[in-house]
Amino acid sequence: MVAVGYTLMCEQSGPKELIEYAARAEEVGFDHLVISDHYSPWLESQGHSPYAWSVLGAIAHVTSRAQLMSFVTCPIRRYHPAVVAQKAATIGVLSDGRFTLGLGAGENLNEHVVGGWPHVEQRHEMFEEALQIIRPLLDGDPLTYSGNHFDVPDAYLWDRPDRPVPMALAASGPASVQLAASYGDGLIATDPLPELVSRYDEAGGSGKPRYGQVAICYGPDADECARIAHDQFRWFGLGWPVNANLPDPAAFERASQFVRPDDVASAISCGPDLDAHVAAVKKFADAGFTHVALVQIGGDGQRRFLDEAAAELLPRLREL
């Protein structure tokens, strides 16, 4: 049975609304809540990007059952990894152990606000060093660390949950899959690739959670939903190498200017047809993912989605 999650997308909603949606999502039955961690929206039309960690602290207090997760946090530039560990441990305490730290190598869009965006090889080195810092701190060990990119003269986390906060790592290829299996407690991927799951199992990840994410746009009018998805989510098809390196919403606007509404509608399930939305999630279930978080595209459509679609959609998704 697939655990079904709801995505709190910071790029399309303000902080108070995100807290409201989190409480409602738990109420209607979602198993877990994942939150994006951005400094900027992908496109200006999305219009938001509050600080995810402040929102997480509030969500920990307005929920009591749903698992929480950052999806994902980059620990190599905007945040020092020792501070990421402290934030994660604090949310772990506030949520009574319901928090999983989702980590990834990040995007220029968010990280360049504190300085230049490193070359991809350097980013990968920095990411592994960050994991070598975060893991022992979350486990409750005092740490002294000296690497090529990070130094931690003396660190210890004084407030931690009873069980160490688990880490799930975003992966897209063999090297990142190996990191996820070596350092993490779960795999994160945005594409339903069976070979990714197989590599993860072979690298030592067998039996650990695999987290996926599916973007949909539920609403009564399929054409209007396709318009909303094109307006706010047309960057989705650019691919990771492009998404990781574009610097700001204006660059994403230019890079996606030739994507047509029909292109988006053919790739993202839009409208009231629950069969289409179930089919989109089924691809992840068939690929071996254990958890799938839904993204309802469009800030204005969240309440309708939570009030109307969830009651019918959740039972069907749990049958996958």
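## The chain as a whole

The structure is a predicted model. The chain holds 13 helices and 11 strands. Its radius of gyration is 19 Å, close to the 20 Å that the globule rule gives for 320 residues, so the chain is as compact as a globular protein of that length. Along its principal axes, the C-alpha trace spans about 55 × 40 × 40 Å.

Burial comes next. Of the 320 residues, 54% count as buried. Contacts also reach along the sequence. Take the contacts with a separation of 6 or more: residues 24 or more positions apart account for 74% of them.

| Helix pair | Angle between helices | Distance between axes |
|---|---|---|
| H2 (residues 52–62) and H3 (residues 81–94) | about 15 degrees | 9 Å |
| H1 and H13 (residues 302–317) | about 20 degrees | 10 Å |
| H12 (residues 274–287) and H13 | about 40 degrees | 10 Å |

### H2 with H3

H2 and H3 pack at an angle of about 15 degrees. Angles under 35 degrees count as roughly parallel, and H2 and H3 are therefore roughly parallel to each other. Their crossing is right-handed. On the H2 side, the contact is made by Trp 53, Leu 56, Gly 57, Ala 60 and His 61. On the H3 side, Lys 87, Ala 88, Ile 91 and Leu 94 take part. By class, this contact has 6 nonpolar, 2 polar and 1 charged residues.

### H1 with H13

The crossing of H1 and H13 is right-handed. H1 contributes Glu 17, Glu 20, Tyr 21, Arg 24, Ala 25 and Val 28 to the contact. H13 contributes Gln 302, Arg 303, Leu 306, Asp 307, Ala 310 and Leu 314. The residues of this contact divide into 6 nonpolar, 1 polar and 5 charged.

### H12 with H13

H13 also packs with H12, at an angle of about 40 degrees. H12 and H13 are therefore oblique to each other. H12 passes H13 in a right-handed crossing. Here Leu 274, Asp 275, His 277, Val 278 and Val 281 of H12 meet Glu 312, Leu 313, Arg 316 and Leu 317 of H13. By class, the contact of H12 with H13 has 5 nonpolar, 1 polar and 3 charged residues.

## Single residues

Is Thr 7 buried or exposed? Thr 7 has 4% relative accessibility and therefore counts as buried. Thr 7 is found in strand S1. Leaving out residues up to four places away in sequence, Thr 7 touches Val 34, Gln 213, Ala 293, Leu 294 and Val 295.

Gly 115 sits in a loop. That loop runs between helix H4 (108–111) and helix H5 (120–138). At 25% relative accessibility, Gly 115 counts as partly exposed. Gly 115 and Phe 127 are 12 residues apart along the chain, and their C-alpha atoms are separated by 16 Å.

## Two backbone features

Most residues other than glycine have a negative phi, and most peptide bonds are trans. Two places in this chain depart from that pattern.

Phe 71 and Val 72 are joined by a cis peptide bond, with omega about -5 degrees. Val 72 lies in the loop between S3 and H3.

The other is a phi angle. Phi of Asp 96 is near 55 degrees, a positive value in a residue other than glycine. Asp 96 lies in the loop between H3 and S4. Its relative accessibility is 72%, so Asp 96 counts as exposed.

Notes
Residues numbered from 1 in each chain as written. Predicted model: local features only at pLDDT ≥ 70, side-chain atom pairs only at ≥ 80, totals over all residues. Heavy atoms only, no water. Axes fitted to C-alpha atoms, helices over the stretch in contact; angles between N-to-C directions. Helix = DSSP H or I, 4+ residues; strand = E, 2+ residues; numbered from the N terminus. Parallel < 35°, antiparallel > 145°, perpendicular 65-115°, else oblique. Left-handed = near helix turned anticlockwise from the far one by under 90°. Contact = heavy atoms within 4.5 Å. Nonpolar A, V, L, I, M, F, W, Y, C, P; charged D, E, K, R; others polar. Rg over C-alpha atoms; globule rule 2.2 N^0.38 Å. Buried < 20%, exposed > 50% of the residue type's maximum accessible area, 1.4 Å probe, protein only.
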